[in-house]
Amino acid sequence: MSEIVQNLDWSPLWISLKTGIAATIIAFFLGIFAARWVMKLNNRMKWIVDSLFTLPLVLPPTVAGFFLLLLFSLRRPFGQFLMIHFNIRIVQTWAGCVIAAAVIAFPLMYRNARAAFEQVDMNMIYAARTLQLSEWIIFWKIVMPIARPGIASGAVLTFARALGEYGATSMLAGNILGKTRTISIAIASETAAGNFDVAGVWVVVIILVSFGMVFLINMVSHRGSNPVERWK
Amino acid sequence: MALQVDIKKKFPGFYLETAFEINGGCMGILGASGCGKSMTLKCIAGIETPDEGRIVLNGRTFYDSQKKINLRTQERGVGYLFQNYALFPTMTLEENIAIAIPGKNKEKQGTVQAVIRQFRLEGLEKRYPSELSGGQQQRGALARMLVHKPELIMLDEPFSALDGFLKDVLQLEMLELLQQYEGNVLMVSHNRDEIFKFCDSMTLLSDGRGILTGSVREIFEMPKKMEAARLTGCKNISAITKIGEYQLLALDWNMILNTREKIGDHTAFVGVRAHRLMPAWENTGENTMKIVQDGYTETPFERQYLFRNAKDENSSRIWWIADKEKFTANGEGEFPPYMKFPKEHLMLLE
């Protein structure tokens, strides 16, 4: 057992963590932005856009992978355009890992952010406006702190989901050791090759990492906790 | 110093149409729940937009549907005290006040301290709104609202979240605090006592429509309109038929009443306040009714009776409120056989 751990290439761990963090940051801001945008739409548009934004959560990740490949493949116009004009390649690269994970995890951030924003008492915002505060200050200093518990739990779930992403990632980014092989891809390919002990080590690692990260974020986001009394 | 409001706004199943003017001092908007009082304030603050009309404060046009002017809430800068005070829950009292002061954080401290003293909030600076009592929250919200010196402040049911003794004390405190304020005050309430205490003039809203505007004392004395009488707390109102210039038949009470004032062509109702009725132990003739009791409740200092015309079982019940002390002092604690409707207290209503 110790031999296996000693000879293990640890790169999937670092790639998973980097991917999880990068995808969470992207989904965090996109999710908040999307939540704000959807809230301002009229009712019918709201339902349509909301359903679209939630699709990655309910569809098999391979469907997202399919569409992402359709978009970024070097044989498709947009992929070619990126390659020729910006020398950017998404397929079979770490950027692919991040994009796949961000797309899959995005609905969790979006939905949590929206639920949190919708809980904010409109009178708080009206009061802030009569106090002549700018919309920017209202958003960052008043709305975000009130919505913080919801936003934080959205971020935790987003990270957890991004960390474990497999389906879309394997299609878009593939399985290149040291480049795009994340822990979940390592588990799949080691198991497929019959290396249950190596796969088992990765299983233990991902459980520990996931639990540790979620625990940590929970602790940080509840420290100096929100003084508003919550339902117990 | 003046605020002119003349607005219309349509909602599904509801139409708001109100027009009034304040020239300094405090104006009240009195109306039942859901009559459009708060909506009027929201239109003035720029939180809601009317369909048409005009809102002007001290020569500054906030809204004018013809000239297509509609200033943002921030540009209007009027003070608004919300029913639940709307202190920001994630900020301490100090931070709540500081955020309303423009400028750098360091420069704010002096002002914050001064305001905290003025509103007697010393020692509560570091508390969160959830750790403050209702009265403290209210003073905090007032302080926050007044630091940027608005030309108009609006109070939306300021005491509805408070009760009993505390309410009386806080009303007195708020009256004192508002005396130092020189701009216009607009206060909304469903409570006639509050409006009477605070306001010089008032406008009455019923079902979204302004029905009467004028001096508070005059309206309470002579409401002129049936809805106005009801809103100012008149419990006994009857439809009438005019018999002569000074005589009418109160249909709901089945009683002929003589009036002191001349009955106009538009008069359709007569009203009499419950505590203005006079008990009588014999038939005194004019405006006296033989009665039977038909209900009773009491409050600590009053007896509230319901009675009806003894001659007519189908007549409506009439309220009579008697001061306990006075009533027993006369040695006549029993229910009287007759009730007199004093001429001088009959209100002729349209």
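In strand E13 of chain B, B:Leu249 is the bridge partner of B:Thr241. Strands, written E and at least two residues long, and helices, written H or I and at least four residues long, are DSSP runs numbered from the N terminus. The model is predicted: local features need pLDDT of at least 70, side-chain atom pairs count only at pLDDT 80 or more, and totals for chains, interfaces and linings use all residues. Residues are numbered from 1 along each chain as its sequence is written, while chains are lettered from A and ligands numbered from 1 in the order in which they are written.

Strand E13(B) covers residues 247–250, and its side chains alternate. A residue is called buried if 20 or more other C-beta atoms lie within 10 Å of its own, exposed if 12 or fewer do, and partly exposed in between, with C-beta atoms placed from the backbone.

E13(B) has a neighbour on each side in the sheet order given below. Strand E12(B), residues 236–244, runs antiparallel to E13(B) and is joined to it by four bridges. Two strands are taken to pair if DSSP finds at least two bridges between them. In this pairing B:Ile240 stands opposite B:Ala250, and the two strands form a hairpin with two residues between them. Strand E14(B), residues 255–258, is likewise antiparallel to E13(B) and joined to it by four bridges. Here B:Ala250 stands opposite B:Met255. E13(B) and E14(B) also form a hairpin, with four residues between them, and B:Asn254 in the turn has a positive phi of about 55°.

These strands belong to an open sheet of five strands in chain B, with the order E14-E13-E12-E15-E21 and antiparallel pairing. Its edge strands are E14 and E21 (347–349), each of which pairs on one side only. On average, neighbouring strands of the sheet are turned by 40° against each other, direction ignored. Such angles are taken between axes, which are lines fitted to C-alpha atoms (for helices over the stretch in contact); they run from 0 to 180 degrees between N-to-C directions.

Chain B as a whole has 10 helices and 21 strands. Buried residues make up 40% of its 350 residues, and its C-alpha atoms fill a box of roughly 80 × 50 × 35 Å along the principal axes. Of the contacts in chain B with a separation of 6 or more, 63% are between residues 24 or more positions apart. Two residues are in contact if their C-beta atoms, placed from the backbone, lie within 7 Å.

Chain A, in turn, has 11 helices and zero strands. Of its 232 residues, 37% count as buried, and the box filled by its C-alpha atoms is roughly 65 × 45 × 30 Å along the principal axes. Residues 24 or more positions apart account for 75% of the contacts in chain A with a separation of 6 or more. Helix H5(A), residues 77–86, is hardly covered, as the count of buried residues among its 10 residues is zero. H5(A) is followed by A:Asn87, whose phi is positive, near 55°.

Two packed helices are described by the angle between their axes and the distance between the axes. The axes of H7(A) and H8(A) come within 11 Å and cross at roughly 160°. H7(A) is therefore roughly antiparallel to H8(A), given that angles over 145 degrees count as roughly antiparallel, under 35 as roughly parallel, 65 to 115 as roughly perpendicular and the rest as oblique. The contact is made by A:Met124, A:Ile125 and A:Ala128 of H7(A) and by A:Ile138, A:Ile142, A:Val143 and A:Ile146 of H8(A). These residues divide into seven nonpolar, no polar and no charged. Ala, Val, Leu, Ile, Met, Phe, Trp, Tyr, Cys and Pro count as nonpolar, Asp, Glu, Lys and Arg as charged, and the others, Gly among them, as polar.

A:Leu163 also lies in H8(A), which spans residues 135–164. A:Leu163 is buried because 24 other C-beta atoms lie within 10 Å. Leaving aside residues up to four places away in sequence, A:Leu163 touches A:Ser16, A:Gly20 and A:Ser210.

Between the chains, 17 residues of chain A are in contact with 20 residues of chain B. Helices H7 (122–130) and H8 of chain A are the elements that give two or more residues to the chain A side. H7(A) gives the most, with six residues. By class, this side has 10 nonpolar, four polar and three charged residues.
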